[in-house]
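Subject: Structure for you to look at

Hello,

Here is the structure I said I would pass on. My notes on it follow below.

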Amino acid sequence: MQADGMNEAKARPYYQFPDAPVHWLPIAELVDGALYIVDARNAFLGIWQRAELAFLVARPLHAPKRVNGRMRWIPEGHQLSLEYHWDKGDSFATARPRRFVEHVPGRDWDNLLGYLRRREEEFARQTAFSLLAP
């Protein structure tokens, strides 16, 4: 256990080596409505929403389907969802922003899901976390 009582395993994502430091941007440094690379439960890109202290992400949806006689979870699209900033400190805090990407052009809610999906596809090609190297 850490000094503040938080479980040490929660302090780093599952893919980190035990001794690797994890650095993220604090809430005070984030720009409302900007796109960030994030370590989050359901996405690696998110739009910061200051009022919610959370990132708006394109969360993948899955549904159970029978495939070859067995039940499988099959991807069925995406929906907008919130991932709360790690510094919020409650059990729902699952996102750590790692790097600013850009200001989101226009904030048309009808198009944010499409915008996030397009940016995810673009970043997947260039591997978002390779951009974190100094």
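Which side chain does the side chain of Asp 39 join through a polar contact of 2.9 Å? The partner is Arg 98. A polar contact here is a pair of N or O atoms within 3.5 Å; within protein, one must be able to donate a hydrogen and the other to accept it, and residues adjacent in sequence count only if both atoms are side-chain atoms.

Before the rest, two notes on the source. This is a predicted model, in which local features need pLDDT of at least 70 and side-chain atom pairs count only at pLDDT 80 or more, while totals for chains, interfaces and linings use all residues. Residues are numbered from 1 along each chain as its sequence is written, and side-chain values use heavy atoms, with hydrogens and water left out.

The barrel

Five strands make a closed barrel in the order β1-β2-β3-β4-β5, with mixed pairing. From one strand to the next, the twist averages 45°. For that angle, axes are lines fitted to C-alpha atoms (for helices over the stretch in contact), and angles run from 0 to 180 degrees between N-to-C directions. Strands (E, at least two residues) and helices (H or I, at least four) are DSSP runs numbered from the N terminus, and two strands pair if DSSP finds at least two bridges between them.

Strand β3 (residues 54–67) and strand β4 (residues 70–85) run antiparallel and are joined by 13 bridges. Along this pairing, Val 57 stands opposite Ser 81, and Pro 64 stands opposite Trp 73. The two strands form a hairpin with two residues between them, and Asn 68 in the turn has a positive phi of about 50°.

Strand β5 (residues 93–103) pairs with β4 in the parallel sense, over two bridges. His 85 stands opposite Ala 95 in β5. Ile 37 is placed opposite Arg 99 in β5.

Aromatic residues

Rings of Phe, Tyr and Trp (its six-membered ring) pair if their centres lie within 6.5 Å; planes under 30 degrees apart count as stacked, over 60 as edge-to-face and the rest as tilted. The count comes to four aromatic pairs by this rule. Tyr 36 and Phe 55 are edge-to-face, because their ring centres are 6.0 Å apart and their planes stand at 75°. Tyr 36 lies in strand β1 (residues 34–39) and Phe 55 in strand β3, so this pair ties together parts that are 19 residues apart in sequence. Phe 55 also forms a tilted pair with Trp 48, at 4.8 Å centre to centre and 55° between the planes. Tyr 36, Trp 48, Phe 55 and Phe 100 form one aromatic cluster.

Buried means under 20% relative accessible area, exposed over 50%, and partly exposed in between (1.4 Å probe, protein chains only). Tyr 36 is buried at 2%, Phe 55 at 0% and Trp 48 at 0%.

Two rings have a charge over them, meaning that NZ of Lys or CZ of Arg is within 6 Å of the ring centre and within 35 degrees of the ring normal. Lys 88 has its charged end over the ring of Tyr 84, 4.1 Å from the centre. Arg 96 lies over the face of Trp 86, 4.5 Å from the ring centre.

Asp 39 belongs to strand β1 and is buried, with a relative accessible area of 6%.

Glu 83, in strand β4, is buried at 0%. The side chain of Glu 83 makes a polar contact of 2.9 Å with the side chain of Asn 42. Leaving out residues up to four places away in sequence, Glu 83 touches several others, among them Ala 40, Arg 41, Ala 54, Phe 55 and Thr 94. Contact means heavy atoms within 4.5 Å.

Ala 54 is in strand β3 and is buried at 0% relative accessibility. The C-alpha atoms of Ala 54 and Leu 82 are separated by 5.9 Å, although the two residues are 28 apart along the chain. With residues up to four places away in sequence not counted, Ala 54 touches residues including Ile 47, Trp 48, Gln 49, Leu 82 and Tyr 84.

Regards
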